[in-house]
Each structure stands twice: as structure tokens, then as C-alpha cells.
Amino acid sequence: MQLRVGMVGYAFMGAAHSQAWRTVNRVYDLPARARMALICGRDAGNVAEAADRLGWDAYTTDWRDLVSRDDIDVVDVCTPGDSHAEIALAALAAGKHVLCEKPLANTVEEARAMAAAAATARASGVRSMCGFNYRRVPAVAMMRRLVADGRLGVIRHVRAAYLQDWIVDPQFPLVWRLQKDRAGSGALGDIGAHIIDLTQYVTGQRITGVSAVTETFVKERPLPAGSSGLAATVDGHADGAGPATGPVTVDDAALFVARLDGGALATYEASRFATGRKNALRVEINGSLGSVVFDLERLNELEFYDATLPTAEQGFSRILVTEGDHPYMSAWWPPGHIIGYEHSFTHQMRDFIEAIATGTDPEPSFADALQVQLVLDAVVRSAELGSSWTDVEPALTAVAV
Ligand code: SOE
């Protein structure tokens with residue numbers, strides 16, 4: 001079985017996905033083979049260059065052409081958030097399997113429509129999945145296994161932070177990720193969404209309510225250099241600043257406390273102003289029988305504290321998650337030969353291809369991603385109401401199919 005993939009977008013995420021599509025069938029023995037058939041971008045010169053560099057057979061400048069072609073089976077959406085809904089809905093209506101980057105959409109309404117369309121398309125065997133790639137880091141999947149096996153006992157605390165610092169300089173330009181109409185929200189939706197999904201995945205518990213604060217520390221920034229101003233950016237990173245300025249319309253940082261439906265208390269911090277922290281995602285979970293800690297900067301490792309051991313033997317131990325019986329690892333290298341960031345995307349494509357080929361439902365589904373969107377929405381509303389406690393609408397009732 002061959003799956004002909006069409007990908008829309010070719011910046012940072014497009015490059016990461018391309019790397020994964022290129023690699024996945026060379027590493028994993030799967031019931032279907034992905035072919036990198038078609039890539040789409042607006043600028044003909046740039047997309048032609050990207051097709052050649054990233055390894056795609058052909059290119060187009062029209063995403064409507066890509067989603068409607070008979071020779072495309074899978075649509076991979078790697079564009080900024082303001083076009084996720086339109087492209088994914090058209091692709092699902094055309095009967096294509098859809099992988100969509102996170103966060104699923106810019107608003108709950110869009111996410112709701114996407115989840116409903118995915119549920120309808122599923123009846124005809126069409127599969128859809130949202131790209132929360134960190135679920136596929138072997139150490140993260142291992143954390144989930146430990147929790148599911150009861151090794152942590154009853155989960156009491158979840159402590160999650162995702163910290164970056166790429167906009168600390170007030171002269172950093174107003175790229176699309178700093179505009180609400182393009183990105184939906186700031187640090188909250190871009191990196192906060194990752195820790196929301198990751199912690200819910202690991203614990204198997206859902207966030208039921210939040211109390212939040214958000215802040216935009218730098219409210220006005222220079223427009224990116226170049227005559228096209230706001231459009232002159234590559235995945236949120238510009239070549240430089242121009243003389244004109246404009247308002248930042250998203251959060252720079254979002255912090256919130258939350259309750260989970262299994263009784264755990266949680267704290268979340270997402271910031272692009274954590275000076276010195278480049279891409280620091282850290283999660284700690286404390287349970288009645290033990291604790292576990294994951295740090296993306298040491299992604300091959302997991303710290304595990306087993307409180308069932310004799311007191312004299314207790315202490316955090318470091319598990320090197322590179323054994324063949326660790327999640328995803330058997331196809332890679334011998335034990336101790338570590339992997340990196342991009343492998344999480346290869347694992348994502350592996351799971352998606354397998355689900356399509358075997359007719360099973362991949363996760364996270366669009367409904368799962370809608371639930372994350374509902375949490376993001378509750379955080380925004382809580383912050384607007386002076387941190388007042390705000391319940392998260394259950395996703396199941398949110399999708400009217
Ligand atoms: C930018 O902040 C970004 O590239 C996110 O969009 C990704 O999802 C994250 O993995 C790394 O940072």
C-alpha cells in the first residue's frame with residue numbers, strides 16, 4: 001500500500017515533517033509506504049527550492065489543488081494556525097487523511113468544526129490526527145507507561161513548564177506568531193498547548209478547570225524588515241526589524257493552576273521571556289508511590305523515584321530510555337545510542353501511517369485537540385476575569401456530530 005502525501009507549508013514544521021516522511025519507512029517496517037508526492041507554498045520560486053531541498057516529487061502554489069487531487073491520499077497541514085481549519089476541512093471533505101500541526105486551530109469554534117468533520121469523515125475510513133509530537137518522545141511514552149502500570153500510584157501533582165526566550169529583545173520584530181489573527185494566541189497556544197497535551201496524555205487525566213494569569217511584556221514591536229512587512233517571516237522568525245512598529249496582540253507568557261479529573265493539582269507555565277531557556281520543556285509528576293521527571297534538554301532520560309523500595313534504597317534513578325523494549329526504540333540503534341528532537345516526528349508519522357493502513361484511530365484525534373483548545377480558551381477567559389476560576393467545557397459535549 002502506498003500513501004501519497006501532500007504537505008502544505010515548508011518552514012520549520014514543514015522541514016521537520018519532511019525529515020520524518022523521508023525517514024519513517026527506512027526505519028520502521030510498516031504496512032504502507034509514504035511517498036512525498038506534493039508540497040505546497042505560495043511563492044513559486046521558494047516552494048520549488050523547498051521541494052528540491054526537502055525531497056518532494058512536485059510542488060504547487062495552490063493548496064486547493066493539493067487537497068482535491070486524486071493522486072493525493074494524505075494531507076499534512078504545516079501552515080500558521082489561521083489556515084488550519086480551512087485546509088483541513090477541505091481535505092476531509094475531499095476524503096483525504098489529515099495530519100494537522102498543533103494547536104489544532106486558532107479558536108474553539110474552528111476546532112469544534114474540525115473535530116465534527118473528522119468524526120463524520122471517520123465513518124468513511126478517513127483518519128485524522130493532530131501533531132503534538134512530544135507525545136512521541138520515547139521517554140514521554142515511557143512516563144505514560146509507568147503511570148498506566150500503577151508505578152506512581154495515585155497522581156497528586158503535575159508540574160509543567162515550557163520556556164523559551166526568543167523574543168526577550170524588545171526590538172525583535174512583530175512576526176506572525178505575535179499576531180492574534182494569525183497565531184490565535186502567543187506562548188499559550190504555541191508551547192503551552194504542548195504541555196497541556198503532554199501532561200493529559202501521560203496522566204490519562206483531563207484538566208477540568210483553571211485559574212490563570214497572562215502578560216504581554218512588550219506591547220509594541222518593530223515590523224519585520226522588507227516591503228511586505230508582516231508577511232516577511234519564516235515560521236515566526238524574521239530577517240530583521242524595519243522602522244515602523246505595530247501592536248503585539250498575543251500573550252508573551254501564560255501561567256495557570258489547574259485541577260485534573262483524577263484529583264491531581266497542576267501548575268503550568270509557558271513563556272517566551274525565560275531568558276536563557278531556549279526550548280526548555282520540563283514535567284514532573286508526583287504520585288503516592290513515586291515520582292517521574294522529564295526534561296526535553298535531556299530527552300533520552302527519565303528520572304524515576306520509586307517510593308516502594310526500602311527507605312535506604314530510595315532516591316531518583318536515571319533511566320536511559322534507549323533499550324529495545326522502550327517505546328519506539330527497537331527500530332533505532334543499539335542501547336545507549338541516543339536519539340533527538342526530530343525522531344519524535346518520525347514516530348508521529350509511524351503511528352499515523354500504521355493507523356491509516358490498519359483502519360484504526362490515531363491519537364491525538366481532532367476531538368482530543370479540541371479538548372486542548374477548550375483548555376486554552378478557559379485560560380484566556382480566566383486571565384481576562386482577573387484569574388477567576390474557570391471550568392473547561394468537556395470536549396465530548398463540545399462536538400456535535
Ligand atoms: C516555536 O515556539 C516552536 O517551534 C513551536 O511552534 C513548536 O511546536 C515547538 O516544538 C518548538 O517551538
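**Figure 1. Overall view of the predicted model.** The protein has 11 helices and 19 strands. Helices (H or I, at least four residues) and strands (E, at least two) are DSSP runs, numbered from the N terminus. The model is predicted: local features need pLDDT of at least 70, side-chain atom pairs count only at pLDDT 80 or more, and totals for chains, interfaces and linings use all residues. Residue numbers start from 1 along each chain as its sequence is written, and side-chain values use heavy atoms, leaving out hydrogens and water. Along the principal axes, the C-alpha atoms fill a box of roughly 65 × 50 × 45 Å. The radius of gyration is 21 Å, which agrees with the value near 21 Å for a compact globule of 401 residues. That radius is taken over C-alpha atoms, and the globule rule is 2.2 Å times the number of residues to the power 0.38. Of the 401 residues, 56% are buried (under 20% relative accessible area, 1.4 Å probe, protein chains only).

**Figure 2. Strand 5 and strand 4.** Strand 4 (residues 74-77) pairs with strand 5 in the parallel sense over 4 bridges; pairing requires at least two DSSP bridges between the strands. V74 stands opposite H97. Right-handed means that, with the strands pointing away from the viewer, the path from the first strand over the helix to the second runs clockwise.

**Figure 3. Strand 5 and strand 6.** Strand 6 (residues 128-131) also pairs with strand 5 in the parallel sense, over 4 bridges. Here V98 stands opposite S128. Strand 5, helix 5 (residues 108-122) and strand 6 make a right-handed β-α-β unit.

**Figure 4. Surroundings of W56.** W56 lies in the loop between helix 2 (44-54) and strand 3 (58-60). W56 is buried, at a relative accessible area of 6%. Neighbours within four places in sequence aside, W56 is in contact with V5, M7, S18, W21, M36, A37, L38, I39 and A51. Contact means heavy atoms within 4.5 Å. G6 is 50 residues away from W56 along the chain, yet their C-alpha atoms are separated by 9.0 Å. Across the protein, 71% of contacts between residues at least 6 apart in sequence join residues at least 24 apart.

Key: Buried means under 20% relative accessible area, exposed over 50%, partly exposed in between (1.4 Å probe, protein chains only).
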